[in-house]
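Reader: Could you walk me through how to read a few features of a protein model? I would like the general idea and then the case at hand.

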Amino acid sequence: MTFRAVLFDFSGTVFRLEQDETWLADLTDHEGESLDIEAQTELMRRMTAPVGQVVDLDEEHLHAWNHRDRDPVLHRKVYLEVLKQSGVPHADQAVALYTRLIDPTQWTPYPDTEAVLKGVSGKGVKLGVLSNIAFDIRPAFGRRGWDAYVDEFILSFEVGAVKPEPEIFRTAVERLGVDPAETLMVGDSEEADGAAREIGCAFALVEPLPTTERPDALLTVMRAHNVL
């Protein structure tokens with residue numbers, strides 16, 4: 001199979017939000033005690049989980065959770081609630097941490113991200129970044145000059161659809177001007193990203209491991225599918 005386009009998920013696929021001790025050092029719980037390493041790790045997991053509700057929510061916040069990636073206001077609202085329920089009860093601390101989490105320049109690329117983006121683009125294959133997200137991730141690519149390799153950014157809060165809904169994948173292939181059967185979707189979620197198969201795309205799964213533990217998974221996928 002010759003692919004004319006590749007779609008990459010963002011979080012856990014080409015970039016990852018890595019735990020930064022400086023972000024969490026000043027966080028305190030209800031008793032004013034600092035969060036231990038286990039609590040910090042769980043906090044970051046909850047803030048970056050691709051699918052699945054991570055805390056119990058009332059009706060108001062459940063609505064915000066279900067629509068968080070369509071609306072930045074709802075995204076902020078529900079994640080501040082997640083932080084509150086995850087051991088960060090102080091509003092000022094929660095807002096400061098949330099602000100860092102949605103800053104795309106704070107995210108870490110996987111070691112092979114640049115090589116893959118450059119290589120795919122250099123082959124003349126269309127390249128899109130398709131993400132369920134409520135903030136603009138373009139600066140993560142732009143500050144490194146990698147935006148030159150990306151033909152389209154398809155972001156849920158901009159297009160009004162989220163994975164696994166087929167509409168977001170249809171939007172992606174239409175923007176790239178390719179047929180779904182000629183498109184490979186690469187992501188870290190079988191449920192969300194794997195839904196691209198419903199419109200006829202191929203799908204490849206990568207594990208959302210820490211960047212130091214996943215040096216070449218993207219390259220491996222590209223080579224396995226004869227893209228590189």
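Author: We will go through a strand, a helix, the nonpolar cores and the salt bridges. This is a predicted model, in which local features need pLDDT of at least 70 and side-chain atom pairs count only at pLDDT 80 or more, while totals for chains, interfaces and linings use all residues. Residues are numbered from 1 along each chain as its sequence is written, and side-chain values use heavy atoms, with hydrogens and water left out.

Reader: Let's start with the strand. Which residues of β1 point one way, and which the other?

Author: In a regular strand the side chains alternate between the two faces of the sheet. In β1 (5-8), Ala5 and Leu7 point one way, Val6 and Phe8 point the other way, and all are buried. Buried means under 20% relative accessible area, exposed means over 50%, and partly exposed is in between, using a 1.4 Å probe and protein chains only. Strands (E, at least two residues) and helices (H or I, at least four) are DSSP runs numbered from the N terminus.

Reader: And how many bridges join β1 to β4?

Author: Two strands pair if DSSP finds at least two bridges between them. Four bridges join β1 to β4 (residues 126-131), and these strands run parallel; Leu7 has Gly128 as its bridge partner in β4. With β6 (residues 183-187), β1 also pairs in the parallel sense over four bridges, and there Phe8 has Val186 as its partner.

Reader: What do the buried residues of α10 pack against?

Author: The buried residues of α10 (residues 217-224) are Ala217, Leu218, Leu219, Val221 and Met222. They pack against β1, α6 (113-122), β6 and β7 (202-205). After α10 comes Asn226, with a positive phi near 60°.

Reader: Now the cores. Which members of the largest nonpolar core touch the most other members?

Author: In soluble globular proteins, nonpolar side chains tend to be buried together. A nonpolar core is a set of buried Ala, Val, Leu, Ile, Met, Phe, Trp, Tyr and Cys residues joined through side-chain atoms within 4.5 Å. The largest one here has 52 residues, and Phe8, Phe10, Phe141, Val186 and Met222 touch the most other members. Helix α4 (residues 72-85) gives the largest share of this core, six residues. Domain 1 (5-16 + 108-225) and domain 2 (21-105) both contribute residues, so the core lies between them; the domain bounds come from an automatic or database domain assignment. A second, separate core of 17 residues includes Met185, Ala195, Ala196 and Cys201.

Reader: What is Phe10 in contact with?

Author: Contact means heavy atoms within 4.5 Å. Leaving aside neighbours within four places in sequence, the contacts of Phe10 include Phe15, Trp107, Val129, Ile137 and Phe141.

Reader: Finally, how many salt bridges are there?

Author: Side chains of opposite charge can pair when their charged atoms come close. A salt bridge is a side-chain nitrogen of Lys or Arg within 4 Å of a carboxyl oxygen of Asp or Glu. A search of the whole structure finds 10. One of them joins Lys163 and Asp9, with the closest N and O atoms 2.9 Å apart. Lys163 is in the loop between α8 (156-159) and α9 (166-176) and Asp9 in the loop between β1 and β2 (15-16), so this pair ties together parts that are 154 residues apart in sequence.

Reader: Are Lys163 and Asp9 buried or exposed?

Author: Lys163 counts as buried at 6% relative accessibility, and Asp9 counts as buried at 5%.
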